[in-house]
Amino acid sequence: MIPNPPTVVVLMGVSGAGKTTVGMAAAALAGVRFLDADALHPEANVAKMAAGTPLDDADRAPWLDAVAAALVAEAPCIMACSALRAAYRERLRRDAPHARFVLLDLDRPALEARLAAREGHFMPAALLDSQLATLEPPTPGEGVLVLDATRPVDELATAVAALALPRVD
């Protein structure tokens with residue numbers, strides 16, 4: 001085991017929670033690279049989502065493999081990744097066991113408002129229902145930090161950046 005492995009933070013939540021906005025700001029504060037798991041989706045997944053069809057576990061499997069590989073290859077980093085199911089988070093931890101997970105939590109009306117205002121993203125607002133249905137909130141023993149995503153971006157970014165700093169184990 002590496003004495004102080006590089007830290008990776010997975011900033012998770014449904015579409016519109018603010019993962020990219022907070023992640024980019026946090027990465028800048030921590031001086032680490034920001035990665036967006038959306039960029040790792042196979043073209044077929046992007047086309048499926050853009051057409052308004054939710055992904056299933058089979059669609060997500062190769063994507064999760066790519067996300068896990070990027071977490072290992074690019075550490076230290078902050079990655080925006082939905083990581084909606086506990087099994088997905090466990091899959092990422094298998095390759096990146098020191099990953100720290102942060103859920104940006106936001107209620108449905110706020111998510112709807114954000115998605116309605118968002119431009120240029122392949123994920124349509126119509127898929128919010130499927131995202132919320134897929135989301136398995138973390139259990140207390142899972143070790144996921146839950147942050148209220150209505151807080152100002154700078155406050156959220158500061159909290160996430162603190163997790164990305166080197167560990168003193």
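Student: How many bridges join strand 1 to strand 3?

Tutor: Welcome! Keep in mind that this is a predicted model. Strand 1 covers residues 8–12 and strand 3 covers residues 77–80, and the two run parallel. Within this region, Leu 11 stands opposite Ala 80 in strand 3. The number of bridges joining strand 1 to strand 3 is four.

Student: What is the order of the strands in the open sheet?

Tutor: The open sheet has five strands, with parallel pairing. Its edges are strand 2 (33–36) and strand 5 (144–148), each of which pairs on one side only. Neighbouring strands are turned by 20° against each other on average, direction ignored. Read across the sheet, the order is 2-3-1-4-5.

Student: In what sequence do the helices and strands of the chain run from the N terminus on?

Tutor: Let's start with the totals: the chain has seven helices and five strands.

Student: Which strands does helix 1 lie across?

Tutor: Helix 1 is formed by residues 19–30. Its direction is at about 165° to strand 2. The strands that helix 1 lies across are strand 1, strand 2, strand 3 and strand 4 (100–105).

Student: At roughly what angle do the axes of helix 3 and helix 4 cross?

Tutor: A handy starting point is that two packed helices are described by the angle between their axes and the distance between the axes. Here, the axes of helix 3 (residues 57–74) and helix 4 (residues 86–95) come within 9 Å. The crossing is right-handed, and its angle is roughly 35°.

Student: How many residues of the contact of helix 3 with helix 4 are charged?

Tutor: On the helix 3 side, the contact includes Asp 57, Arg 60 and Leu 64. Helix 4 contributes Tyr 88, Arg 91, Leu 92 and Asp 95. Seven residues of this contact are nonpolar and no residues are polar, while the charged ones number five.

Student: Does Thr 134 count as buried or exposed?

Tutor: Thr 134 lies in helix 6 (residues 128–134). Not counting residues up to four places away in sequence, Thr 134 touches Arg 60, Leu 84 and Arg 85. Its relative accessibility is 10%, and the cut-off for buried is under 20%. Therefore Thr 134 counts as buried.

Conventions: Residues are numbered from 1 along each chain as its sequence is written. This is a predicted model: local features need pLDDT of at least 70, side-chain atom pairs count only at pLDDT 80 or more; totals for chains, interfaces and linings use all residues. Side-chain values use heavy atoms; hydrogens and water are left out. Axes are lines fitted to C-alpha atoms, for helices over the stretch in contact, and angles run from 0 to 180 degrees between N-to-C directions. A crossing is left-handed if the near helix is turned anticlockwise from the far one by less than a right angle, and right-handed if clockwise. Contact means heavy atoms within 4.5 Å. Ala, Val, Leu, Ile, Met, Phe, Trp, Tyr, Cys and Pro count as nonpolar, Asp, Glu, Lys and Arg as charged, and the others, Gly among them, as polar. Two strands pair if DSSP finds at least two bridges between them. Buried means under 20% relative accessible area, exposed over 50%, partly exposed in between (1.4 Å probe, protein chains only).
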